[in-house]
Amino acid sequence: MPQWMRPEVYPLMAAMTFVTGMCVFQLTRNVFMNPDARVNKVHRTMGVLENHDEGQKYAEHGLRRFLRTRPPEVMPNVNSFFSNTK
């Protein structure tokens with residue numbers, strides 16, 4: 001193991017690796033799935049893309065559909081413990 005690599009740096013490296021992975025994921029998703037990104041030459045020649053269905057599919061992805069059914073609480077048990085009076 002190199003000398004410059006100390007155990008104190010591991011949490012920082014883990015956090016930076018996670019954040020970099022999230023950035024790469026989002027950029028890749030935008031390039032390949034975003035209806036406004038025109039990678040294909042056929043789509044680049046069009047002035048206005050008529051792809052409302054594709055845009056709706058991009059905006060309403062699986063994670064958003066899942067979270068829409070969940071309550072908007074981070075810790076529901078803690079919230080109910082402190083808000084319910086008995």
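This is a predicted model: local features need pLDDT of at least 70, side-chain atom pairs count only at pLDDT 80 or more; totals for chains, interfaces and linings use all residues.
Local features require pLDDT of at least 70 and side-chain atom pairs count only at pLDDT 80 or more, while totals for chains, interfaces and linings use all residues. Residues are numbered from 1 along each chain as its sequence is written, and side-chain values use heavy atoms, with hydrogens and water left out.

The protein has five helices and zero strands, where helices (H or I, at least four residues) and strands (E, at least two) are DSSP runs numbered from the N terminus. Read from that terminus, the order of elements is α-α-α-α-α. Of the 86 residues, 6% are buried, a term that denotes under 20% relative accessible area, with exposed set at over 50% and partly exposed in between (1.4 Å probe, protein chains only). The protein exposes about 8200 Å², of which carbon and sulfur atoms supply 64%; accessible areas come from the Shrake-Rupley method with a 1.4 Å probe, and for residues only the protein chains shown count as cover.

The loop between helix 1 (10-33) and helix 2 (41-45) holds N34. Apart from neighbours within four places in sequence, N34 is in contact (heavy atoms within 4.5 Å) with R29 and Y58. The C-alpha atom of N34 is also 8.5 Å from that of E54, which is 20 residues away along the chain.

Helix 5 (residues 76-83) contains F82, an exposed residue with a relative accessible area of 65%. On the surface, F82 forms a nonpolar patch with V74, M75, V78 and F81, and together they have about 620 Å² of accessible area. Patches are made of residues with over 30% relative accessible area and no salt bridge, joining like charges within 9 Å and nonpolar side chains (Val, Leu, Ile, Met, Phe, Trp, Tyr) within 5 Å. A salt bridge is a side-chain nitrogen of Lys or Arg within 4 Å of a carboxyl oxygen of Asp or Glu.
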